[in-house]
Amino acid sequence: RERSHNIFKMSAHTFPILSINELVETLKELNFPISSDRDLLNPKYEFVRDSYISALEVCHFVNPEHLRHVDFKITEVMTPELHDNSIIVVNLWRKLQKLMRNCGIVDFKLQDVIQPEAKKTRKILSGIINYVRFKEMEYMKFTEMSQSMREMREEVLKISAEKSSYEEELTKLREQKLSEKEDFDIKTAEIARIKVEIKDASGCQLALQGKAKDSTDQLTLKQERQKDLKEQVAKLKEEIGSLKLKIVHSPDRLRTDNTTVQATFQNEKQVVGQLERKMRDLQTQNDNLSDARHKISKIHSQVLECEKENTNFKSLQE
């Protein structure tokens with residue numbers, strides 16, 4: 001929009017008309033073929049032609065050799081060497097049409113090349129210089145914009161690389177989350193299995209506790225019975241002793257009583273042996289019950305650790 005506005009301003013002849021000294025200094029700076037201010041005060045065809053060719057070369061990058069090119073075969077002309085100058089002038093004037101429109105000069109004519117006037121030449125050269133300066137500013141803006149575009153392109157490439165890196169990291173995190181979910185499912189199933197085992201172990205513990213209570217009661221009864229039997233054996237021993245001391249009537253009765261006492265003693269001894277074996281069995285059952293309690297305590301500790309890990313995993317997921 002700004003460029004269109006500038007072109008519109010140039011078309012309205014708003015560019016400044018430079019002084020002779022400014023024109024001389026600027027044309028020399030642009031390497032135009034000017035020697036002194038006399039070239040502007042009394043312009044000649046050669047100076048104007050070479051100046052316009054330089055303007056085309058600077059503004060439109062026209063090769064001066066292309067101005068000698070013709071669209072028809074040179075062999076069709078009887079004397080082509082006579083048309084060398086006219087070909088250059090016609091081609092120059094054609095190519096200057098676009099340049100003059102760009103410079104804002106709408107009244108450019110072929111006469112301005114063939115028979116130049118000082119005032120009109122000064123105006124045309126001022127317009128050309130204004131267009132050259134304008135083009136230089138636009139080129140600087142274009143260079144700045146190109147630099148900005150390159151920087152933006154580099155930034156886009158950098159952002160794309162970062163995006164790819166973030167996407168790879170996100171993929172890894174998703175895979176890690178999926179793996180953690182699988183571990184969580186495995187641990188949840190393990191916890192459920194351990195809970196079932198604890199439930200079964202608790203049932204077994206209750207059953208063993210019941211059996212242990214019954215065994216303890218039986219053991220107490222048998223201990224009391226054994227105590228009674230020991231007391232009876234002691235009494236029998238006392239009676240045997242008293243009988244031996246008294247030595248009653250006949251040896252036959254003594255032998256019978258002795259045999260009876262020995263039989264009773266053997267029976268009591270067998271009962272005592274049975275009671276001792278049952279006590280050992282009860283002790284073994286008691287030891288098994290202690291082992292079961294220890295195993296249940298260990299399983300309970302494992303369940304607590306699994307629940308703690310489960311809680312930590314859920315907090316990590318959140």
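**Note on the predicted all-helix model**

1. Glu155 has a relative accessibility of 42% and therefore counts as partly exposed, since that class lies between the buried limit of under 20% and the exposed limit of over 50%. The residue is located in helix α7, which covers residues 118-246. Glu155 also belongs to a negative surface patch, whose other members are Glu151, Glu154 and Glu162.

2. The overall architecture may be described next. The protein chain contains 8 helices and 0 strands, and its order along the sequence reads α-α-α-α-α-α-α-α. The chain has 318 residues, of which 26% count as buried. Its accessible surface amounts to about 23,300 Å², and carbon and sulfur atoms supply 55% of that area.

3. Which residues of helix α2 are buried? In this helix, formed by residues 20-29, the buried residues are Ile20, Leu23, Val24, Thr26 and Leu27. For the student, the word "buried" here refers to a relative accessible area of under 20%.

4. The backbone just after α2 deserves a comment. There, Asn31 adopts a positive phi of about 65°, although Asn31 is not a glycine. Most residues other than glycine have a negative phi. Asn31 sits in the loop between α2 and α3, the latter helix comprising residues 38-41. Is Asn31 buried or exposed? Its relative accessible area is 66%, so Asn31 is exposed.

5. Turning to charged pairs, the whole structure holds 11 salt bridges. Side chains of opposite charge can pair when their charged atoms come close. One of these bridges joins Lys123 to Asp107, with 3.4 Å between the closest N and O atoms. Lys123 is part of helix α7, whereas Asp107 lies in the loop between α5 (84-103) and α6 (111-114), so this pair ties together parts that are 16 residues apart in sequence. Asp107 counts as partly exposed because its relative accessibility is 29%.

6. Which residues are linked in a network of salt bridges? The network consists of Asp107, Asp112, Lys120 and Lys123.

7. Arg193 provides a further case, with two partners to consider. The side chain of Arg193 meets that of Glu190 in a salt bridge, at 2.1 Å from N to O. Arg193 and Glu190 are 3 residues apart in helix α7, which means that about one helical turn separates them. A salt bridge also connects Arg193 with Glu197, at 2.3 Å from N to O. These two residues are 4 residues apart in helix α7, so Arg193 and Glu197 are likewise separated by about one helical turn.

8. Glu190, at 31%, counts as partly exposed, and Glu197, at 33%, counts as partly exposed.

Note on methods
Residues are numbered from 1 along each chain as its sequence is written. This is a predicted model: local features need pLDDT of at least 70, side-chain atom pairs count only at pLDDT 80 or more; totals for chains, interfaces and linings use all residues. Side-chain values use heavy atoms; hydrogens and water are left out. Buried means under 20% relative accessible area, exposed over 50%, partly exposed in between (1.4 Å probe, protein chains only). Patches are made of residues with over 30% relative accessible area and no salt bridge: like charges are joined within 9 Å, nonpolar side chains (Val, Leu, Ile, Met, Phe, Trp, Tyr) within 5 Å. Accessible areas come from the Shrake-Rupley method with a 1.4 Å probe; for residues, only the protein chains shown count as cover. A salt bridge is a side-chain nitrogen of Lys or Arg within 4 Å of a carboxyl oxygen of Asp or Glu. Lys and Arg count as positive and Asp and Glu as negative; His and the chain ends are not counted. The place of a charge is taken as NZ of Lys, CZ of Arg, CG of Asp or CD of Glu.
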